[in-house]
Amino acid sequence: MKSTAICFVAIFVQYISIINGDVDDIPITLREFRAVKNSLDFTGKVALVTGSNSGLGSATVRLFSYLGAKVVVTGRNLTRIKQTVDECRKLSPYDYKPIGLQLDLTIPGNVAKLVNETIEAYGHIDILVNNAGIGSFATIQDPKFIDVYLESRAINEEAQIDLTSLVAPYIVERNGTIILMTSLFARNPVTSSSAYSMGKNALIAFAMTLTHDLGSNCRVNVISPTVIDGTRIFRLLDPSVRPTLIANQIASSTLKRAGVPMDIAKSVIYLSSPLASFINGKELQLDGGLSISIL
């Protein structure tokens, strides 16, 4: 009787272990290994990256192009748009020439125009990277604070929400991904950054909600970089502050260097690829291992 009971317990424990995944009995096919090897091949994919005429966005569309994707280059600076389009075409293994659209997304009708022209040219959208934004800084005592806040909100929040709402059905149809670019300032504001930080924080909440609203055929994640050298927001900072900002960032980073646009672009590629197929509703903070405040 005692041996029967022990045998029963052993069988029961083994059964529970299998249910809980404690036993490594899930086969991995050769096809899965090959998929990992080919995971950075974006042939046939369409990537729409806003604010892609310079900085982080430009690095991102160029990398997508190099990996075989069809991309859209958009922003406000026509000269930079043309330059990025040419660079993307040179990098493309298929000689794809991107769509280049000079658009201010805060102007009514331009968000719809961006989506419509992308669909007309490519037929679908697999990846949306909400990268467009401005760095607007002012203290609450500044008489122009409300104007600064409203300007920031128009592009950093409202345009991103409008674009996502129009693109979401195409992303879901293609089992694609949405990435929202925010900032470490969203959770760690610095002096005068409230107008900017509030908008970026709102995007984090928006992204987390989308993971529930859009279902299992769409992954939504957030990238929150620190201040990145060579970007428009960095150039907007007071020139007297920039050297201190970079020096402090290098000193407090465990990697002992400042971030560059390609660091962010590579993270976008990773989150857009099958390598990140089980990552959803997460915020990736890219700060080089900062351990203290940088300003």
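Student: Between which helices is lysine 256 found?
Tutor: This is a predicted model, where local features need pLDDT of at least 70, side-chain atom pairs count only at pLDDT 80 or more, and totals for chains, interfaces and linings use all residues. Helices (H or I, at least four residues) and strands (E, at least two) are DSSP runs, numbered from the N terminus. Lysine 256 is in the loop between α9 (242-252) and α10 (261-272).

Student: Does lysine 256 count as buried or exposed?
Tutor: Buried means under 20% relative accessible area, exposed over 50%, and partly exposed in between (1.4 Å probe, protein chains only). Lysine 256 has a relative accessibility of 52%, so it counts as exposed.

Student: What is the phi of lysine 256 near?
Tutor: Most residues other than glycine have a negative phi. Lysine 256 is not a glycine, yet its phi is positive. The value is near 60 degrees.

Student: Aspartate 95 has a positive phi too. What is its relative accessible area?
Tutor: Aspartate 95 has a phi of about 60 degrees, although it is not a glycine. This residue is found in the loop between α4 and β3. Aspartate 95 is partly exposed, because its relative accessible area is 43%.

Student: How many helices and strands does the protein chain have, and what share of it is buried?
Tutor: The chain has 10 helices and 7 strands. Of its 295 residues, the buried share is 46%.

Student: In what order do the strands form the sheet?
Tutor: Two strands pair if DSSP finds at least two bridges between them. Here 7 strands form an open sheet with parallel pairing. Their order is β3-β2-β1-β4-β5-β6-β7.

Student: Which strands are at the edges?
Tutor: An edge strand here pairs on one side only. The two are β3 (99-102) and β7 (283-286).

Student: What is the average twist from one strand to the next?
Tutor: Axes are lines fitted to C-alpha atoms, for helices over the stretch in contact, and angles run from 0 to 180 degrees between N-to-C directions. From one strand to the next, the twist averages 15 degrees.

Student: Which residue is the bridge partner of glycine 75?
Tutor: Strand β2 (residues 70-75) runs parallel to β3, and 4 bridges join them. In β3, glycine 75 has as its partner glutamine 102.

Student: Which strands does helix α4 touch?
Tutor: Contact means heavy atoms within 4.5 Å. Helix α4 (residues 78-91) packs on the sheet, and its direction makes about 165 degrees with that of β2. The strands it touches are β2 and β3.

Student: What angle does helix α6 make with β4?
Tutor: Helix α6 (residues 145-173) also packs on the sheet. It touches β1 (46-49), β4 (127-130) and β5 (177-181). Its direction makes with that of β4 an angle of about 170 degrees.

Student: In β2, which residue is the bridge partner of valine 49?
Tutor: Strands β1 and β2 run parallel, joined by 4 bridges. In β1, Val46 and Leu48 point one way, Ala47 and Val49 the other, and all are buried. Strand β2 has 5 of its 6 residues buried, so it is largely enclosed by the rest of the structure. The partner of valine 49 is valine 73.

Student: How far apart in space are asparagine 53 and lysine 82?
Tutor: Asparagine 53 is in the loop between β1 and α3 (55-66). It is buried, with a relative accessible area of 10%. Beyond its neighbours within four places in sequence, its contacts include Val73, Gly75 and Ile81. Lysine 82 is 29 residues away in sequence, and the C-alpha to C-alpha distance is 8.2 Å.

Conventions: Residues numbered from 1 in each chain as written. Heavy atoms only, no water.
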